[in-house]
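The sequence and structure are shown first, and the description follows.

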Amino acid sequence: MMAQSSTVNGRGTGEAEIRSLVADSVKALRAKDIDRLVASYAPDVMLFDVVNPLRSRGADAVRKRLEDWLTFRDPIEYEVRDLSISTAGDVAFSHSLNHVNATTNDGKKLDMWWRASVGYRKLDGKWLITLEHVSVPFDVTSGKASLDLKPE
């Protein structure tokens, strides 16, 4: 049987709620609000990041990664582009292109795009991230990550 969903402005309420979650996460990241960011993840979230290790699990791993990563001077420019969301009942997924442009505290410039695929579940009435997979393409000849690509 196909799942039924109610709509808000022609979109499913699940999609609207996830768009709101993503928008809030962008604001929290720009503000370096780690507690607010971690609150959007399920306790047993699975992470496949662009940096080591090969995989991580759990909200504590999310917190550690954010503490290591959010070492930028203000302001942090961050955007989520081409966000596409699909929902069915209490599960959903999204994909997008994400961009950060910032300067680390030690003066290094970071301006890069990456791909993000995210899985969500509605747990106790709240959408939470249960899977996050981010990646960058790599050059097969050199074996190096293609960090200078930009969306067309």
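## Contacts of Leu 70

The model described here is predicted. Leaving aside neighbours within four places in sequence, Leu 70 is in contact with Leu 29, Lys 32, Ile 34, Leu 37 and Ile 76.

## The nonpolar core

Leu 70 also belongs to the largest nonpolar core, which has 34 residues. The members that touch the most other members are Leu 70, Ile 76, Val 100, Trp 114 and Tyr 120. Two or more residues are given to this core by each of α1 (13–30), α2 (34–38), β3 (41–48), α3 (59–69), β5 (77–88), β6 (91–103), β7 (109–123) and β8 (126–135). The largest share, six residues, comes from α1.

## The buried face of α3

In α3, the residues Ala 59, Val 62, Leu 66 and Trp 69 are buried. Viewed down the axis of α3, the buried residues fall within an arc of 90°, and therefore they line one face of the helix. The partners against which the buried residues of α3 pack are α1, α2, β3, β6 and β7.

## Strand pairing and hairpins

Strands β5 and β6 run antiparallel and are joined by 10 bridges. Within this pairing, Tyr 78 has Val 100 of β6 as its bridge partner. The hairpin of β5 and β6 has two residues between the strands, and Gly 89 takes a positive phi near 65° in this hairpin.

Strands β6 and β7 also run antiparallel, with 13 bridges joining them. Here His 95 has Ser 117 of β7 as its bridge partner. Five residues lie between the strands in the hairpin of β6 and β7, where Gly 107 takes a positive phi near 90°.

Which strand holds Asn 98? Asn 98 is found in strand β6. Its relative accessibility is 7%, and buried means under 20%, so Asn 98 counts as buried. The side chain of Asn 98 makes a polar contact with the side chain of Ser 96, at 2.7 Å.

Not counting residues up to four places away in sequence, Asn 98 touches Tyr 78, Glu 79, Val 80, Met 112, Trp 113, Trp 114 and Ala 116. Among these, Trp 114 is one of the core members that touch the most other members, and Tyr 78 is the residue whose bridge partner is Val 100.

## Cis peptide bonds

The peptide bond from Asn 52 to Pro 53 is cis, with omega near 5°. Pro 53 is placed in the loop between β3 and β4 (56–57).

A cis peptide bond also runs from Asp 74 to Pro 75, with omega near -5°. Pro 75 lies in the loop between α3 and β5.

## Positive phi outside glycine

Asp 82 has a phi near 55°, a positive value in a residue other than glycine. Its place is in strand β5. Is Asp 82 buried or exposed? The relative accessible area of Asp 82 is 52%, and the cut-off for exposed is over 50%, so Asp 82 is exposed.

Asp 124 likewise is not a glycine, yet has a positive phi of about 50°. Asp 124 lies in the loop between β7 and β8. With a relative accessible area of 86%, Asp 124 is exposed.

How values were computed:
Residues are numbered from 1 along each chain as its sequence is written. This is a predicted model: local features need pLDDT of at least 70, side-chain atom pairs count only at pLDDT 80 or more; totals for chains, interfaces and linings use all residues. Side-chain values use heavy atoms; hydrogens and water are left out. A nonpolar core is a set of buried Ala, Val, Leu, Ile, Met, Phe, Trp, Tyr and Cys residues joined through side-chain atoms within 4.5 Å. Buried means under 20% relative accessible area, exposed over 50%, partly exposed in between (1.4 Å probe, protein chains only). Helices (H or I, at least four residues) and strands (E, at least two) are DSSP runs, numbered from the N terminus. Contact means heavy atoms within 4.5 Å. Two strands pair if DSSP finds at least two bridges between them. The arc is that of the directions from the helix axis to the C-beta atoms. A polar contact is a pair of N or O atoms within 3.5 Å; within protein, one must be able to donate a hydrogen and the other to accept it, and residues adjacent in sequence count only if both atoms are side-chain atoms.
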